[in-house]
Amino acid sequence: MKLKTFPVSGIQNEMLNWSMGLFLAFSTVDLIDHWTAAPNEGQSLFVEAFASMQSHTGIQIAEAVLLLATKLAMWEALRRGLKKTNHFFLQLGVILLMLLDTFMTVASCLPSTVMGTDGNTVHAVCQSTAHLLTQFYLSCYTVSFLIQATLGIGLATVFAGRIRWYGASLLLCPLLTSILNMVYLYIYNNVGGVSMPDIIKYGTIVSLAGFSLDLIPFILLRRSMYAEEG
């Protein structure tokens with residue numbers, strides 16, 4: 001009979017509860033940060049204050065590190081569950097996901113530009129560094145996308161119940177996110193007669209949909225684990 005959920009200890013279950021709660025909180029902050037990247041005229045006092053705080057690099061780095069920590073904690077619980085069931089290659093996929101997400105977080109936090117002595121000029125070497133960081137991030141993202149799809153297929157095939165649902169989400173959610181982004185880019189670049197307010201509206205819809213699709217796999221991952229009695 002195929003396993004439907006992973007049993008975890010009481011301590012691990014409590015850790016998962018905290019990780020899930022903090023993941024949702026930091027993900028929401030990250031979404032708001034994306035919308036209020038810099039203060040500008042016309043914003044409410046609350047949004048302007050929030051945007052001013054978010055404009056500090058240290059705050060953004062702290063957000064990214066804490067968000068990464070919550071995801072790593074949940075993935076570690078999954079890795080332990082796969083280790084107990086002796087699924088080496090699926091466990092390896094989880095480890096690779098953890099490493100790639102760590103690499104992407106580090107790449108996104110590294111400074112890519114440094115202002116010159118005149119306060120305006122960006123050093124050429126820094127432009128080259130920014131390009132390399134961007135390419136590295138995109139490469140890690142592509143590999144992570146493929147590993148998630150492979151891991152999702154493996155989990156959906158080997159297991160049943162909530163674990164299978166989690167595996168399906170690893171395959172379908174990133175795919176749907178990519179499709180939505182491609183549709184938005186197509187509308188933005190190729191569809192004539194679309195006003196800028198409509199473009200902004202479509203962008204908001206895509207952002208919210210992508211935000212929801214990013215949360216679904218981790219919610220299903222949490223629901224795929226239960227505390228052992230005793």
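This is a short chat about a predicted model.

Visitor: Which residues make the nonpolar surface patch?
Guide: The patch is formed by Phe88, Phe89, Leu92, Ile95, Leu96, Leu99, Phe103 and Phe136. Its area is about 760 Å².

Visitor: Which helix gives the most to it?
Guide: That is helix α4, which spans residues 88-109 and contributes seven residues to the nonpolar patch.

Visitor: Where does Ile95 sit?
Guide: Ile95 lies in helix α4, and Ile95 is also one of the patch residues.

Visitor: Changing topic. Which residue has a positive phi although it is not a glycine?
Guide: Asn86 does, with a phi of about 60 degrees.

Visitor: And where is Asn86 found?
Guide: Asn86 belongs to the loop between α3 (57-84) and α4.

Visitor: Is that Asn86 buried or exposed?
Guide: Asn86 is exposed, as its relative accessible area is 70%.

Visitor: How about disulfides, how many does the count come to?
Guide: The count comes to zero disulfides. A disulfide would be a covalent bond between the sulfur atoms of two cysteines.

Visitor: What about Cys140, buried or exposed?
Guide: Cys140 is buried, with a relative accessible area of 6%.

Visitor: And Cys173, buried or exposed?
Guide: Cys173 is buried too, with a relative accessible area of 7%.

Methods. Residues numbered from 1 in each chain as written. Predicted model: local features only at pLDDT ≥ 70, side-chain atom pairs only at ≥ 80, totals over all residues. Heavy atoms only, no water. Patch = residues over 30% accessible without salt bridge, like charges linked within 9 Å, V, L, I, M, F, W, Y side chains within 5 Å. Areas by Shrake-Rupley, 256 points an atom, 1.4 Å probe, with all protein chains shown as cover. Salt bridge = Lys/Arg side-chain N within 4 Å of Asp/Glu carboxyl O. Helix = DSSP H or I, 4+ residues; strand = E, 2+ residues; numbered from the N terminus. Buried < 20%, exposed > 50% of the residue type's maximum accessible area, 1.4 Å probe, protein only. Disulfide = S-S within 2.5 Å.
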